[in-house]
Amino acid sequence: MFPTPPDRTWEQVTLTVEEHHLRVQVGATADRFGFAEAGFENRRRKNIPNDLWALLGVLARRHGELGTGDEITTKPGALKQKVSALRDRLQALVGRDDDPFHPNRPGQPYRARFTIRRAGPATFPTPPGATWGAVSLTETGPGVVEAAVTTRGRGVARVRGDGPGDRGRWEGTTQDDERRLRYTLRDLGMTGPDGAPTAGASLVAVLRAGGRLARSAGDKGMLALSGALARFFQLDDPPFTFDPKRGQWVAQFEATSTVPAPDR
């Protein structure tokens, strides 16, 4: 069990999921566990991680938010049971009795109170089924980019009854689901070892040009940026098309910059 100080909360816990290890950090104290040591070993097959380890990995890829559509091929009831088992495992590992997840309503995703991420370059928790048309990237400061994906999601809402004896009912609803996070170019893996931007320079140029950038079809910076964005948002389609008549790369997402010209 990790020696969590009694005065610390789940909000101060950071979990980093590696391929076969889990790093736990609370404040300045950190430790690294193998999946078996952390309690995620398959009971029937030694040295094989169990399904809770896979669920933890999905939670890390989704930055601490988990819904039935997030790469989970199971029914909502089964997911609830798995999250309950994961809750017990994390409580035992970190040594806390309170809930590591925020309260959630029926139909709403589970949200972790702790910080969880995967080792390696950052990825965005893009909802399943999203396309580049739902993506926006905005330069908000020197070397800082805000990424957002807005999709139409399903939920449930309580409808009041018509009379004193009518308790009402739950009805399905559709609503905008927006996920918005800020990153530095270093977080995105778009800078070189000395901090100089590589693909990041092309990204900044695209954002400042409003999504249409005049460069050759074989431009190495744009080719590198295209691959980096596809990996970051976990989308299979390319983020750019090339317009041969105008000699321009055209973003398939909304591209803007709010940085004033004097600060660029």
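**Entry 1: the whole chain**

What does the accessible surface of the protein chain come to, and how much of it belongs to carbon and sulfur atoms? I get about 14900 Å², with 48% belonging to carbon and sulfur atoms. I keep in mind that this is a predicted model.

Next I looked up burial, and 40% of the 264 residues count as buried. For secondary structure I have four helices and 13 strands in the protein chain. I also checked contacts with a separation of 6 or more: residues 24 or more positions apart account for 58% of them.

**Entry 2: a sheet**

I picked out an open sheet of four strands and wrote down its order as E3-E2-E1-E6, with mixed pairing. Which strands are at the edges? They are E3 (29-34) and E6 (115-118), each of which pairs on one side only. I get an average twist of 15° from one strand to the next.

Then I went through the pairs. E2 (residues 21-26) and E3 run antiparallel and are joined by six bridges.

In E2 it stands opposite Leu 22, and in E6 its bridge partner is Arg 118.

**Entry 3: strand E1 and its cover**

How many of the residues of E1 are buried? Five of five, so I call this strand mostly covered, taking buried as under 20% relative accessible area. I sorted the side chains by face. Side chains in a regular strand alternate between the two faces of the sheet. In E1, Val 13, Leu 15 and Val 17 are on one side, Thr 14 and Thr 16 are on the other, and all are buried.

Helix H1 (residues 51-61) does, and it touches E1 (13-17), E2 and E6. I noted about 100° between the direction of H1 and that of E6.

**Entry 4: helix H3**

Why do I call H3 largely enclosed by the rest of the structure? Because seven of its ten residues (199-208) are buried. My list of the buried ones reads Ala 199, Gly 200, Ser 202, Leu 203, Val 204, Val 206 and Leu 207. After H3 comes Gly 210, and I read a positive phi near 75° there.

H4 (residues 220-233) is a packing partner: the axes of H3 and H4 are 8 Å apart, at an angle of about 90°. That makes the two helices roughly perpendicular. On the H3 side I find Ala 199, Ser 202, Leu 203 and Val 206; they meet Gly 221, Met 222, Ala 224 and Leu 225 in H4.

**Entry 5: two buried polar residues**

Ser 202 in H3 got a closer look. It counts as buried because its relative accessibility is 3%. Its side chain makes a polar contact with the side chain of Arg 215, at 2.9 Å. Leaving aside neighbours within four places in sequence, I list its contacts as Leu 213, Arg 215, Gly 221, Met 222 and Leu 225.

Glu 146 in strand E8 (residues 144-159) was next. Is Glu 146 buried or exposed? At 14% relative accessibility, it counts as buried. I find a side-chain polar contact to Arg 180, at 2.7 Å. Beyond four places in sequence, Glu 146 touches residues including Ser 136, Leu 137, Thr 138 and Thr 140, and also Arg 180, Leu 181 and Arg 182.

Asn 47 has a phi of about 65° and is placed in the loop between E3 and H1. I log Asn 47 as exposed because its relative accessibility is 63%, and the cut-off is over 50%.

Gln 234 has a positive phi near 60°. It lies in the loop between H4 and strand E11 (240-243). With a relative accessible area of 32%, Gln 234 goes down as partly exposed.

Key: Residues are numbered from 1 along each chain as its sequence is written. This is a predicted model: local features need pLDDT of at least 70, side-chain atom pairs count only at pLDDT 80 or more; totals for chains, interfaces and linings use all residues. Side-chain values use heavy atoms; hydrogens and water are left out. Buried means under 20% relative accessible area, exposed over 50%, partly exposed in between (1.4 Å probe, protein chains only). Contact means heavy atoms within 4.5 Å. Accessible areas come from the Shrake-Rupley method with a 1.4 Å probe; for residues, only the protein chains shown count as cover. Two strands pair if DSSP finds at least two bridges between them. Axes are lines fitted to C-alpha atoms, for helices over the stretch in contact, and angles run from 0 to 180 degrees between N-to-C directions. A polar contact is a pair of N or O atoms within 3.5 Å; within protein, one must be able to donate a hydrogen and the other to accept it, and residues adjacent in sequence count only if both atoms are side-chain atoms. Angles under 35 degrees count as roughly parallel, over 145 as roughly antiparallel, 65 to 115 as roughly perpendicular and the rest as oblique.
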